[in-house]
Number of protein chains: 2
Amino acid sequence: MNKYVESITDMDKDFAQWYTDVVKKSEMIDYSSVRGCMILRPYGYAIWELIQKHLDKKFKETGHENVYMPLLIPQSLLQKEKDHVEGFAPEVAWVTYGGDEKLTEKLCIRPTSETLFCEHYANIIQSHRDLPKLYNQWCSVVRWEKTTRPFLRSLEFLWQEGHTAHATFEEAEAETLKMLDVYADFCEKILAIPVIKGKKTENEKFAGALSTYTIESLMHDGRALQSGTSHNFGDGFAKAFDIKYTDSQNQLKYVYQTSWGISTRLIGAIIMVHGDNNGLVLPPNIAPIQIVIIPIAMKKSGVKEKAIELEQKLSKSKIRVKLDLSDKTPGWKFSEYEMKGVPLRIEIGPRDLENNCVTMVRRDTNEKITEQLDNLNIEETLEAIQKNLFDKALAHRNKNTFEAKTLDELEKILSTTPGFIKTNWCGNTECELKVKEKTGASARCIAFEKADEDGKCLCCGEKSKHKIYWAKAY
Amino acid sequence: MNKYVESITDMDKDFAQWYTDVVKKSEMIDYSSVRGCMILRPYGYAIWELIQKHLDKKFKETGHENVYMPLLIPQSLLQKEKDHVEGFAPEVAWVTYGGDEKLTEKLCIRPTSETLFCEHYANIIQSHRDLPKLYNQWCSVVRWEKTTRPFLRSLEFLWQEGHTAHATFEEAEAETLKMLDVYADFCEKILAIPVIKGKKTENEKFAGALSTYTIESLMHDGRALQSGTSHNFGDGFAKAFDIKYTDSQNQLKYVYQTSWGISTRLIGAIIMVHGDNNGLVLPPNIAPIQIVIIPIAMKKSGVKEKAIELEQKLSKSKIRVKLDLSDKTPGWKFSEYEMKGVPLRIEIGPRDLENNCVTMVRRDTNEKITEQLDNLNIEETLEAIQKNLFDKALAHRNKNTFEAKTLDELEKILSTTPGFIKTNWCGNTECELKVKEKTGASARCIAFEKADEDGKCLCCGEKSKHKIYWAKAY
């Protein structure tokens with residue numbers, strides 16, 4: 001045992017404390033002197049860079065272009081769309097002074113950039129030839145949250161926000177769903193996190209949206225995490241900001257818009273879906289270090305040289321590999337890289353060398369594999385780890401997804417085995433709020449599947465309109 | 001002539017207006033409703049992405065890691081280093097409200113992040129084993145400037161800021177100079193902009209630095225642009241923020257620090273060094289579109305197909321190519337991509353096809369080259385353009401670099417042929433300020449070369465300590 005493992009809280013005793021321990025001890029973040037603002041340290045930021053790299057490629061493949069909008073929004077601009085300002089005004093940071101000079105109009109730090117994109121679109125869109133506009137930006141946003149937790153809820157966070165403008169409602173709807181699929185695919189294939197796709201209720205949708213689609217994932221403790229959202233605005237913003245184009249018949253029409261975003265929250269999801277009592281567990285596709293090589297008895301002849309040789313070989317085949325030649329003990333190093341969730345550890349010692357072997361240890365299963373140095377199944381092993389992490393997460397979600405017919409049933413399940421609970425629902429906000437108030441579970445999403453023919457709302461008992469997922473959520 | 005070219009101002013009649021025309025008409029930027037904050041449109045942002053890609057690779061190759069620090073700095077933290085706060089406090093944006101709640105301590109939006117890095121370093125550096133720390137971040141900063149111009153001086157701009165901590169002064173100095181070299185190399189090889197490396201005077205150095213190094217480049221109109229800076233802080237910040245480590249003898253010591261940065265200003269430099277009366281001229285190494293293919297008489301049999309074939313072939317060899325199949329006229333397209341500075345245009349028409357040829361037109365020289373379709377010298381041509389742009393810029397700088405012995409001589413040169421003027425200087429701030437007041441030229445940098453043995457200060461006539469470059473500057 002060493003100082004890393006000694007001091008981590010058992011995840012099944014106190015999941016919140018376990019989470020805090022992991023983000024700090026894996027050196028992903030540090031706290032700053034501003035409440036609720038975190039420092040993304042090299043290891044945490046490297047994961048974000050990989051998220052950016054994967055998604056940015058997908059965005060560009062689907063025809064999107066990156067732009068950069070200003071950080072500051074004048075109060076009058078934020079107020080242009082009524083629902084939007086009501087949703088965001090209570091939680092923005094206000095700039096009131098520039099140097100010593102009091103501003104005549106206060107400016108907020110962007111909580112999201114719909115208003116800025118709309119103002120720009122009104123300037124640059126004239127004709128149907130200018131459509132669609134498919135823009136995205138990577139930036140940070142600020143929301144003045146009361147209680148904060150690293151990655152999950154912070155005053156400032158990094159994200160991307162896509163903003164698009166289309167000629168028709170149908171095109172906007174197709175874009176909204178396409179980007180939801182891009183997110184779902186990314187979560188499942190790269191982050192190894194299974195997601196449920198669905199639609200937010202009227203009560204839970206984005207301020208200013210016609211409809212909000214979401215991907216929801218289940219954490220180790222049975223709570224849900226909203227992992228990405230995609231909004232169809234219809235022509236609501238276009239009307240508020242007067243964004244019009246002339247169509248091919250020379251008619252003046254409003255555009256239809258969407259926006260969609262994911263954030264550093266996804267790093268919180270990775271931690272809470274895959275982590276264990278030894279720390280982080282990273283899927284190989286998103287791990288900044290996929291393989292760590294740790295020499296044993298480094299001073300013995302040939303060990304260090306062989307380790308360097310292997311590192312160089314793996315680097316050449318595009319594997320993210322780290323060789324740790326520091327003077328810490330091997331045991332200390334084992335725990336350190338376990339805490340950091342490195343998917344695969346390769347140990348090279350004098351005895352291995354005699355047999356021209358190495359020992360590989362999988363982070364996900366702890367399995368030890370001895371393999372011939374000249375014939376390492378690196379790629380297959382990394383793929384197996386990636387697949388196993390997804391399968392485990394899916395099994396966990398399936399085990400913790402329940403169905404309930406009544407509010408009582410839902411309450412009973414929640415009190416013993418928190419998870420997703422699927423029910424019939426009449427579609428009324430009144431029932432939704434009653435369920436939330438009584439149980440603490442919120443409507444995560446309306447399922448894409450059809451409602452049961454003879455289903456009855458869990459709350460009022462009236463005819464059901466939808467299948468809906470409930471859960472306590474982050 | 002078309003609407004693009006008609007409306008651009010002659011650069012030799014009104015350079016400032018020419019600049020404004022180019023940034024707007026090339027679709028690099030748009031204005032936003034916040035004074036001095038610009039929108040980076042896809043074409044402008046794509047250039048920034050290429051700058052990031054090249055430099056980020058260099059930073060990582062030289063051992064640096066990326067992090068992300070908070071956007072907001074508490075007033076008390078900004079005040080910790082005396083010179084630093086004096087330099088920056090007059091030009092920061094202050095956040096005083098979070099939602100409806102008045103903050104007990106106001107927060108500024110980072111104008112630069114020395115104070116945040118220092119606070120973090122004080123937390124994470126304990127032992128000599130923790131050194132060096134070689135961090136960098138890509139972000140936006142805000143400085144409340146009175147007058148603003150796109151890319152050159154704006155309220156908010158994008159940049160990178162490297163921040164490092166070292167065990168000794170010598171290591172910090174070596175880092176400072178190494179990063180200056182990285183910048184100089186990048187400007188010359190990638191942006192095709194020749195730079196002068198030197199040291200800032202005491203009066204011009206960064207607030208809180210022991211010494212500031214700079215790269216200075218010369219624009220088309222004879223004004224200088226500070227294009228990147230690298231600062232050695234000595235242990236000044238370490239003492240203010242109490243950043244100490246125990247060395248190998250177990251002695252407690254202060255660390256030595258550096259910081260270095262470049263910004264979207266470099267895009268302004270590209271425009272003003274290479275641009276001409278047809279618009280932007282981009283060096284191939286930084287051009288988002290290196291080649292545009294324009295079909296002539298697109299409806300004639302085979303033209304479109306051949307153009308698509310060529311585009312696919314070039315894409316495969318990693319060339320950034322765009323095929324314009326829109327229904328605009330070829331002439332309109334020619335002007336549009338000239339305005340956007342695309343280095344090479346390839347025209348394919350029915351007559352070319354008969355001879356299995358294409359016509360290539362170089363943006364830098366307007367030269368027309370007919371080449372066999374099966375044997376295009378694309379890479380060589382792009383390299384030739386890159387080299388020619390650098391050579392032209394160097395020739396322009398050399399032609400506009402003068403020497404002067406007295407203040408009168410300096411004034412005379414400035415009034416007729418603005419450019420760099422090299423003089424002897426005694427090293428006293430008094431003389432420096434007198435020159436600036438009388439001529440409007442500022443001390444750009446102290447040259448690395450030695451002072452003349454028998455040189456006399458241009459201002460006071462006393463013995464010279466340095467060779468120094470003067471210029472009117474952006």
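Q: Which residue stands opposite A:K199 in β22(A)?
A: In this predicted model, the residue of β22(A) opposite A:K199 is A:I446.

Q: How many bridges join β9 to β22 in chain A, and in which sense do the strands run, parallel or antiparallel?
A: Strand β9 (residues 196-199) and strand β22 (residues 442-447) of chain A are joined by 2 bridges and run antiparallel.

Q: And which residue is the bridge partner of A:I446 in β23(A)?
A: That partner is A:I468. The pairing of β22(A) with strand β23 (residues 466-471) of chain A is antiparallel and extends over 4 bridges.

Q: Changing topic: how many residues of chain A are in contact with chain B?
A: In chain A, 43 residues are in contact with 43 residues of chain B. Several elements of chain A each supply at least two residues of the side that touches chain B, among them α3 (42-61), β5 (93-98), α6 (114-124) and β8 (156-166).

Q: Which element gives the largest share of that side?
A: The largest share comes from β5(A), with 6 residues.

Q: What is the make-up of that side by class?
A: The side of chain A that touches chain B has 26 nonpolar, 9 polar and 8 charged residues.

Q: Back to β5(A): what joins it to β5 of chain B?
A: The two strands run antiparallel and are joined by 5 bridges. Within this pairing, A:V95 has B:V95 as its bridge partner in β5(B).

Q: What is the order of strands in the open sheet of 6 strands?
A: The order is β4(A)-β6(A)-β5(A)-β5(B)-β6(B)-β4(B), and the pairing is antiparallel. At the edges are β4 of chain A and β4 (72-74) of chain B, each of which pairs on one side only. From one strand to the next, the twist averages 45 degrees.

Q: How many bridges join β4(A) to β6 of chain A?
A: There are 3 bridges between β4(A) and strand β6 (residues 101-109) of chain A, and these strands run antiparallel. In β6(A), the residue opposite A:P74 is A:L107.

Q: What does A:L158 touch?
A: Apart from residues up to four places away in sequence, A:L158 touches A:W48, A:S140, A:S263, A:T264 and, in the other chain, B:Y68. A:W138 is 20 residues from A:L158 along the chain, and their C-alpha atoms are separated by 7.5 Å.

Q: How many residues are in the largest nonpolar core?
A: That core has 278 residues, and those with the most contacts inside it are A:L191, A:I293, B:L191 and B:I293. Leaving aside neighbours within four places in sequence, the residues in contact with B:I293 include B:A307, B:L310, B:V321 and B:I348.

Q: One last topic: which residues of helix α11 in chain A are buried?
A: In α11 (residues 330-339) of chain A, the buried residues include A:F334, A:Y337 and A:M339. After α11(A) comes A:G341, with a positive phi near 75 degrees.

Notes. Residues numbered from 1 in each chain as written. Chains lettered and ligands numbered in written order. Predicted model: local features only at pLDDT ≥ 70, side-chain atom pairs only at ≥ 80, totals over all residues. Contact = placed C-beta atoms within 7 Å. Nonpolar A, V, L, I, M, F, W, Y, C, P; charged D, E, K, R; others polar. Pairing = 2+ DSSP bridges. Core = buried A, V, L, I, M, F, W, Y, C linked by C-beta atoms within 7 Å. Buried ≥ 20, exposed ≤ 12 C-beta atoms within 10 Å, placed from the backbone. Axes fitted to C-alpha atoms, helices over the stretch in contact; angles between N-to-C directions.
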